Amino acid sequence: MSWIVEESRQIPVKLYFYPFETVLKLKPDLIIASTWTKPEMIQGYRDLGFSVIVCKGPDTVDEVKKTILMIADAVNEQNAGVRVITEIDRQLDEIAAELKNRKEAVPVGMLVSQMTSYGGKGCMFDELCSKARVCNGIAKMGLYNGQFVPKELVVACDPDFFMVSAPRQMATEASRNFQLEYFNDPALQGLRGLNNITNIPDRYLYSATQNCVYAIKGIANAAYGNVFDMSNEHLIKGY
């Protein structure tokens, strides 16, 4: 799912959860937390003398860029941060230039996720759709991120296409059955989007990093076909 799979193979110590004892043994120079991190955990690290910065969980591309500059400043790698931002802006300009020439109506896409309260107004997914020239069906129906997406509103929206997580090797039987049961619901039969259910990698649907530009391209490709060449997709970095 991640853009750093290959790079992370070279890291000898990998943490899948963060007990204080393990962090103490590693003696990190810096702990990067987010606003999604429990406040008591952040305070605990600070009480132990660790340097901690807290980055906002981004809802926009501008917030992603702000986080990059914050981290770059914290590790005294300001030039590396600028290089990342420069590449993000270059790709954003490329996307805007390509999509502004499209003449057809903006397609309506509906996210179908096991996170049944994700995807409405005010979240990163909504921002990605907007920059991909796709109308986010959840936001179109007036829902904000964190609000449950009822099927009555899906029917009322009647989207042009549905966006679902692409199959992956580690998917559980429950996640595989979720989509099958969802789209077999009699209430949804007859919707035009059922003829266009598009598999999109999770790293695009739930993107909150500098590689969000590839997520925008991936969502645009789901809506319009292969508008953007993704063969050079890579981890954007400043080093």
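Which residues in α5 meet which residues in α11?

A: A quick note on the basis. This is a predicted model, where local features need pLDDT of at least 70, side-chain atom pairs count only at pLDDT 80 or more, and totals for chains, interfaces and linings use all residues. Residues are numbered from 1 along each chain as its sequence is written, and side-chain values use heavy atoms, with hydrogens and water left out.

On the α5 side you have Ile88, Gln91, Leu92, Glu94, Ile95 and Leu99, and they meet Val213, Tyr214, Ile216, Lys217, Ala220 and Tyr224 in α11. Contact here means heavy atoms within 4.5 Å. By class, that contact splits into nine nonpolar, one polar and two charged residues (Ala, Val, Leu, Ile, Met, Phe, Trp, Tyr, Cys and Pro count as nonpolar, Asp, Glu, Lys and Arg as charged, and the others, Gly among them, as polar). Helices are DSSP runs of H or I with at least four residues, strands are runs of E with at least two, and both are numbered from the N terminus.

Now the geometry. Helix α5 (residues 78–99) packs on α11 at an angle of about 20 degrees, with the axes 9 Å apart; axes are lines fitted to C-alpha atoms, for helices over the stretch in contact, and angles run from 0 to 180 degrees between N-to-C directions. That makes α5 roughly parallel to α11 (under 35 degrees is roughly parallel, over 145 roughly antiparallel, 65 to 115 roughly perpendicular, and the rest oblique). The crossing of α5 past α11 is left-handed, as the near helix is turned anticlockwise from the far one by less than a right angle; clockwise would be right-handed.

Helix α11 (residues 212–224) has another partner: its axis and that of α6 (residues 124–131) come within 8 Å and cross at roughly 60 degrees. The α6–α11 pair is therefore oblique, and α6 passes α11 in a right-handed crossing. Here Met124, Phe125, Leu128, Cys129 and Lys131 of α6 touch Cys212, Ala215, Ile216 and Ile219 of α11. That's eight nonpolar, no polar and one charged residues. Notice that Ile216 turns up in the contact with α5 and in the one with α6.
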